[in-house]
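Have a look at it first, and then we'll go through some of its features one by one.

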Amino acid sequence: MADDSDEEQVGEEQVKEEPVPEKPKKIFINHIDTYHGKNIARIFARAKPGSTNDATEEEEAEEENSEKRQKQLYDENPTEDGWKVLGTVKNTQGYKRAPFIQEIIHYKDRNQLIDYLKEVNVIIYDITQDPEQVDEAVWACQKLESMINELDHQITFILLSSVMTWAKTPSNEEDVPFSEDEFRRRRAHPNYKERHSAEKLITKLGLTNKKKLLTYIVATGLTYGMEESVFHYIFKAAWHNVPEVPVVGKGTNYLPTIHIMDLAAVLQNLADRHLKIRYVVATDTSKDTLIRITRKISQALGMGRVKTIDQENIMLNGEVTQADYDMLLANMQFEPMFIREQMNIKWHCENGITESIEKIIEEYRTQRNLIPIKILVLGPPASGKTTISKQLAQEYKLHYLAMKEVVEDTKNELEQLVKRSNESEQNEEEIDEEDVDETLAERVDEARSVLERLEEARQNNKDARLDDDLLTQIFKIKLMSPPCQNQGYVLDGYPKTADQATNLFGVSAEEEEEGADDKKPPVNERIIPEHVIILEASNEFLRQRIMHLPEKVVAGTHNTELEFKRRLKAYNDLGDDSHPAKFFEDVDRPGETIKIDDDLSPNHRNIVKKIMERVKQPRNYGPTAEEQEIAKRNEINEKEKREREEREERERNEEEAANDRTKKQKDWTTKLEQIKREEFQMLDAQSTPLRNYLMTHVMPTLTKALIECCQVRPEDPIDFVAEYLFKNNPQV
């Protein structure tokens, strides 16, 4: 019995020691399909609740591995022990639930929404982007406060507001930056007064019972990073290579900013920890003006120049909304002491946009899928390289590069660069030293050197042929230019040899990075083509093609008979070792060979489609608003033309059917009349002998009998006529 009781006690102890599984923590985020919502939701779904309470050695080691952290930014798969994210969506039509979202909340009235809210641990209501959400956020917090005794757990309510509720706050003496401690004297921008009132009310509602309802206000700076939001028009203009990126107003105003990932880290700290402060300003440590931010983006992504424009002009293109305009004209500076001293934040961009511009541009390109497409088309002369290259450039909106055009365009661009540099020196433009393009002087020196060598080559060579070194330098300048780095290119027929390919796309010993793989030659990843297409055709096929070209097409080109033979011989003499394809095989990027002998499609359209299947979808913004309007107008015109042609054809068929019916009816009537006439004539012809017989032998006697009968009027006229005929029969 004693043994049994011991075993029973041991069993009880084991049951007591079994850990009770924690209930997964849930977080509600409104409008998870917007810029703020989806980025914040993704971070929470991959973060373990309470992870910001202590900075572990593992986290510190991970912090050192910045490359790994950068890749994890785009990971949309939630972790098993992460927050369970619920939320509403702004645009339900066509929205597909992201993997990091556990549940999308749909409701017909707000009472259904509150049933979800009272079950979660944290609520984040973003009122920065949609003014209509202000009323809903206030209502939700009031409703939770009214049913506070019914709550069985603590709910943290975080109102994500904007620093625009500080926009009209009087400046401190000597322009000392604002701090969170001064939140009671903040004055809102006229368009943000409703948000200011919401901040006050929700702060007050959080004082009722902090153990059940805890409220925080987060005034966020202008957010940037990932696919971009308020600064998107700047990135987009720079990516499209506009000569001068527009700056709203004078651009000398200071903008409080914060990276969207750092904002998520601030919210994560508030969700994990019970902090005493209830009002938090979330900004980075930067003190950047709008024009400096714009210039840095233009230098890193675009053509490097900016221009100031007024409200009317900036809002004409529809890229900047009124809310964006208000924020871009804000002029405030903050000192975010609390989040720096009291929060455990692994800063992503602590020093702002200008200090992390390369990282931010990489995020922008990745999230917007603006990765340049780089294509090289090689092949023998007259194989259709130019025809195919131009079609690919048109289909993918890439820059078409041929040797002659590259040399001329680069020469003009370098001349413009030198000219602008000289004008700047003469005008002595005053630009902040931090805003100066560090590579400008180097690029200007290179431009002058190339122009001098081009002029020297023009004077020394009557045929204007350039040596390989100069040609390689010109092509490198072109391929490194913003248009080719942003959209990509289609390179037509160059390089022509393996050595030229090595010099153009390879990396010199000085440029080679440490730790590079020694097994294969290093390459310049920024300019090397992603797709190498090698066209292949028999010599006879190429000769026949040249022979059938019209004289006006051949005149003045390299496709004359003698020139074609020379070029074809030079191409064939390359062999496998000297062909540019050898370089791409050596660097483990072999090209795709396509035979064109059997292709009978117009302009090699089938080959173009085959290449497009390999390249896949375009990686750009797609059609512009103007192009969409033109395409829509063309579609309408085509539809109207098609309907008009169908209507005209239908009317023509109906008219032809009516004419045919009338003609047939007329023919039928004519034939009927003719038949009647012929029948009458036939009957008349057939009745003539009988009539003559009756008139001769019957009618004379019968007529007399009838006359006599009429005169006598007997009681039986038939018998009288019969008796008369019998008596007066001339044949009796």
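Is K397 buried, partly exposed or exposed? Its relative accessibility is 34%, so K397 counts as partly exposed. Keep in mind as you read on that this is a predicted model.

## The whole chain

Let's zoom out for a moment. The chain has 732 residues, and 41% of them count as buried.

What about the surface and the contacts? The accessible surface comes to about 43100 Å², and carbon and sulfur atoms make up 47% of that. Now take the contacts in the chain with a separation of 6 or more: 79% of these are between residues 24 or more positions apart.

Most residues other than glycine have a negative phi, and most peptide bonds are trans. With that in mind, go back to K397. This residue is not a glycine, yet it has a positive phi of about 55°. You'll find K397 in the loop between α15 (385–396) and β13 (399–401).

D588 is another residue to look at: it has a positive phi of about 65°, although it isn't a glycine either. Its place is the loop between α25 (580–586) and β16 (592–595). D588 counts as exposed because its relative accessibility is 55%, and the cut-off for exposed is over 50%.

Then there's a peptide bond to check. The bond from Y494 to P495 is cis, with omega near 10°. P495 sits in the loop between β14 (488–492) and α20 (498–505).

## A strand with two partners

Next, find strand β15, which covers residues 531–536. How many of its 6 residues are buried? The count is 5, so the strand is mostly covered.

β15 pairs with strand β12 (residues 373–378) in the parallel sense, over 4 bridges. To trace this pairing in the model, look for L376, whose bridge partner in β15 is V532. β15 is also joined to β16 by 4 bridges, and these two strands run parallel. Here you can look for E536, which has K595 in β16 as its bridge partner.

Now for a pair of helices: α10 (residues 290–301) and α14 (residues 357–367). They pack at an angle of about 70°, and their axes are 10 Å apart. That angle is why α10 counts as roughly perpendicular to α14; the range for that label is 65 to 115 degrees. The crossing of α10 past α14 is right-handed.

Which residues of α10 and α14 meet? On the α10 side they are K296, I297, A300 and L301. On the α14 side they are I357, E358, I361, Y364 and R365.

## A lysine out in a loop

One last stop: K96, in the loop between β2 (84–87) and β3 (103–104). At 72% relative accessibility, K96 counts as exposed.

How far apart in space are K96 and D33, C-alpha to C-alpha? The distance is 9.3 Å, although K96 and D33 are 63 residues apart in sequence.

Methods:
Residues are numbered from 1 along each chain as its sequence is written. This is a predicted model: local features need pLDDT of at least 70, side-chain atom pairs count only at pLDDT 80 or more; totals for chains, interfaces and linings use all residues. Side-chain values use heavy atoms; hydrogens and water are left out. Buried means under 20% relative accessible area, exposed over 50%, partly exposed in between (1.4 Å probe, protein chains only). Contact means heavy atoms within 4.5 Å. Accessible areas come from the Shrake-Rupley method with a 1.4 Å probe; for residues, only the protein chains shown count as cover. Two strands pair if DSSP finds at least two bridges between them. Axes are lines fitted to C-alpha atoms, for helices over the stretch in contact, and angles run from 0 to 180 degrees between N-to-C directions. Angles under 35 degrees count as roughly parallel, over 145 as roughly antiparallel, 65 to 115 as roughly perpendicular and the rest as oblique. A crossing is left-handed if the near helix is turned anticlockwise from the far one by less than a right angle, and right-handed if clockwise.
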